Amino acid sequence: NDYYDDIAWFGLAVQRAGTLARRSARPALGAITLRLRDGWSADGGGGIWWRRGDDFKNAPANGPAAILAARTGNLDFATTITDWIAATLIDPQTGLVRDGVRLNPNGTIRTVEATTYTYCQGVYLGACVELAERDGDPRWAERAATVLHAVTAMAGPDGVIPGFDDGGDGALFNGILARYLADTAVRRPELTAL
């Protein structure tokens, strides 16, 4: 698969399935992690490409990769990915995670894709919570609380996650955010007391 987001989601599924089946998934997870590391480059300040041979780096590829790295004990890689998202993709006005960046051939950022999909908020929140659980550095809880506050503002006064009716992956995007909101409420309830 040329899409690094798909590779990361596959890794998360393998990691969970191995735990449930009480079987070692270590060889498969090692191979998946190597593929994700191969997708990392210094272009654009860092980050994993969305897909091989592309000029785009985004939250949908980097967020699940950071979650997987944290869950499998690769805290340095998880930290590096999540710090890149924070430095590159967080909108300073809203606190929301923007979709990604397009790069020039020389590796500099050409444009920032400013759309703030619910998917992006969910995977960044998930990465921050995983690191807060494993690393203990206060920045992870602070960043999780910041994105939670931004998502609350995005949802509006009715508190409902904005919907998509495009017939595509939009409903899945909301499901990803809902999953990590619920995960945060269970694992780090103090962060949800906005």
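Guide: Begin with the axes: each is a line fitted to C-alpha atoms, for helices over the stretch in contact, and angles run from 0 to 180 degrees between N-to-C directions. Note also that this is a predicted model.

Visitor: What are the values for helix α5 and α6?

Guide: The axes of helix α5 (residues 118-134) and α6 come within 8 Å, and they cross at roughly 155°.

Visitor: Why are α5 and α6 called roughly antiparallel?

Guide: Angles over 145 degrees count as roughly antiparallel. The crossing is at roughly 155°, and α5 and α6 are therefore roughly antiparallel to each other. The crossing of α5 and α6 is left-handed.

Visitor: Which residues make the contact between α5 and α6?

Guide: On α5 they include Tyr124, Leu125, Cys128 and Val129, and on α6 they include Ala144, Val147, Leu148 and Val151. By class, the residues of this contact of α5 with α6 are 13 nonpolar, two polar and one charged.

Visitor: What makes α4 and α6 oblique to each other?

Guide: The axes of helix α4 (residues 75-89) and helix α6 (residues 138-155) cross at roughly 40° and come within 12 Å. Angles under 35 degrees count as roughly parallel, and 65 to 115 as roughly perpendicular. The value lies between these ranges, so α4 and α6 are oblique to each other. The crossing of α4 and α6 is left-handed.

Visitor: Which residues of α4 and α6 meet?

Guide: Thr79, Thr82, Asp83 and Ala86 in α4 meet Arg139, Trp140 and Arg143 in α6. The contact of α4 with α6 has three charged, two polar and two nonpolar residues.

Visitor: How many aromatic pairs are there?

Guide: The count comes to six aromatic pairs. One of them is Tyr3 with Trp50, at 5.2 Å centre to centre and 75° between the planes. Planes over 60 degrees apart count as edge-to-face, and the pair of Tyr3 and Trp50 is edge-to-face. Tyr3 lies in the segment before α1 and Trp50 in the loop between α2 and β1, so the pair ties together parts that are 47 residues apart in sequence.

Visitor: Why is the pair of Trp40 and Phe77 edge-to-face?

Guide: The ring centres of Trp40 and Phe77 are 6.2 Å apart and the planes are at 70°, so the pair is edge-to-face. Trp40, in the loop between α2 and β1, and Phe77, in helix α4, are 37 residues apart.

Visitor: How do you know whether Phe77 is buried or exposed?

Guide: Buried means under 20% relative accessible area. Phe77 has 7%, so Phe77 is buried. Trp40, at 24% relative accessibility, counts as partly exposed.

Notes
Residues numbered from 1 in each chain as written. Predicted model: local features only at pLDDT ≥ 70, side-chain atom pairs only at ≥ 80, totals over all residues. Heavy atoms only, no water. Helix = DSSP H or I, 4+ residues; strand = E, 2+ residues; numbered from the N terminus. Left-handed = near helix turned anticlockwise from the far one by under 90°. Contact = heavy atoms within 4.5 Å. Nonpolar A, V, L, I, M, F, W, Y, C, P; charged D, E, K, R; others polar. Phe/Tyr/Trp six-rings, centres within 6.5 Å; stacked < 30°, edge-to-face > 60°. Buried < 20%, exposed > 50% of the residue type's maximum accessible area, 1.4 Å probe, protein only.
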